[in-house]
Amino acid sequence: MSKKLDIPNKKATRHLRAPIEIRIEITMGLQSFTTTSRNLALGGVSFETLQELKIGDHINSLLYVPVNKDIELLKIASEVVWTEDQGGSWMAGAKFVKFAPGDQKRLREWLLECVRAIKAGQPIVWGSS
């Protein structure tokens, strides 16, 4: 008789993740590029890129978060935790390591508003209060 083992999913996350697309700028050393997030959580972000990143790469993420009719820039030191070859581009996931002062709180509050809107079946309207 064989036993079934429950093996946790490697991509399991501890943070609520939302399918939010915002502009992000990634900087690694002297290289910098702009892309769009695919999923966003308090603990990290996933995005598509033409740059091949490697697990363990240290990057700086600049999130362009729409708040009211303005854009807040959140600066976060991050680390690449997964990559996936998309055949010509890459999907990557980065965990947030260190926030600029106050940015983690701002991100948490903004994400909660977005998640509430998604759960209520309402569109996320950038520029609303």
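**View 1. S46 in strand β4.** S46 sits in strand β4, which covers residues 44-49. In this predicted model, S46 has a relative accessibility of 7%, so it falls under the 20% limit and counts as buried. What does S46 touch once its neighbours within four places in sequence are left aside? The list is T36, S37, R38, N39, W82, A92 and G93.

**View 2. The β3-β4 hairpin, and what else pairs with β3.** Strand β3 joins β4 in a hairpin through 2 residues. The two strands pair in the antiparallel sense, with 4 bridges, and A41 has G44 of β4 as its bridge partner. Strand β2 (residues 23-28) also runs antiparallel to β3, joined to it by 6 bridges. Here E25 is partnered by T34 in β3. That makes another hairpin, again with 2 residues between the strands, and G29 in the turn has a positive phi of about 65 degrees.

**View 3. The β5-β6 hairpin.** Look here for strand β5 (residues 58-67) and strand β6 (residues 70-85), antiparallel and joined by 10 bridges. H58 stands opposite E79 in β6. Which turn residue has a positive phi? It's N68, at about 55 degrees, in a hairpin with 2 residues between β5 and β6.

View 4. On we go to strand β7 (residues 90-99), which pairs with β6 in the antiparallel sense over 9 bridges.

View 5. Are F96 and F99 buried or exposed? Both are buried. Elsewhere, Y64 has a charge over its ring: the charged end of R23 sits 4.2 Å from the ring centre.

**View 6. D103 in helix α1.** D103 is found in helix α1, residues 103-119. Its relative accessible area is 3%, so D103 counts as buried under the 20% cut-off. Not counting residues up to four places away in sequence, D103 touches L73, L74 and K75. Those residue numbers fall within strand β6, given as residues 70-85.

**View 7. The whole chain, for orientation.** Zooming out, the protein chain comes to 1 helix and 7 strands, running β-β-β-β-β-β-β-α from the N terminus on. Of its 129 residues, 35% are buried. Among contacts with a separation of 6 or more, 49% are between residues 24 or more positions apart. The chain exposes about 8,700 Å², with carbon and sulfur atoms supplying 52% of that. As for confidence, the mean pLDDT is 84, and 82% of residues reach 70 or more. Over residues 1-13, though, the pLDDT is below 50, and this stretch has 3 contacts in the model beyond near neighbours in sequence.

Methods
Residues are numbered from 1 along each chain as its sequence is written. This is a predicted model: local features need pLDDT of at least 70, side-chain atom pairs count only at pLDDT 80 or more; totals for chains, interfaces and linings use all residues. Side-chain values use heavy atoms; hydrogens and water are left out. Buried means under 20% relative accessible area, exposed over 50%, partly exposed in between (1.4 Å probe, protein chains only). Contact means heavy atoms within 4.5 Å. A charge sits over a ring if NZ of Lys or CZ of Arg is within 6 Å of the ring centre and within 35 degrees of the ring normal. Accessible areas come from the Shrake-Rupley method with a 1.4 Å probe; for residues, only the protein chains shown count as cover. pLDDT is the predictor's confidence in each residue, from 0 to 100. Two strands pair if DSSP finds at least two bridges between them.
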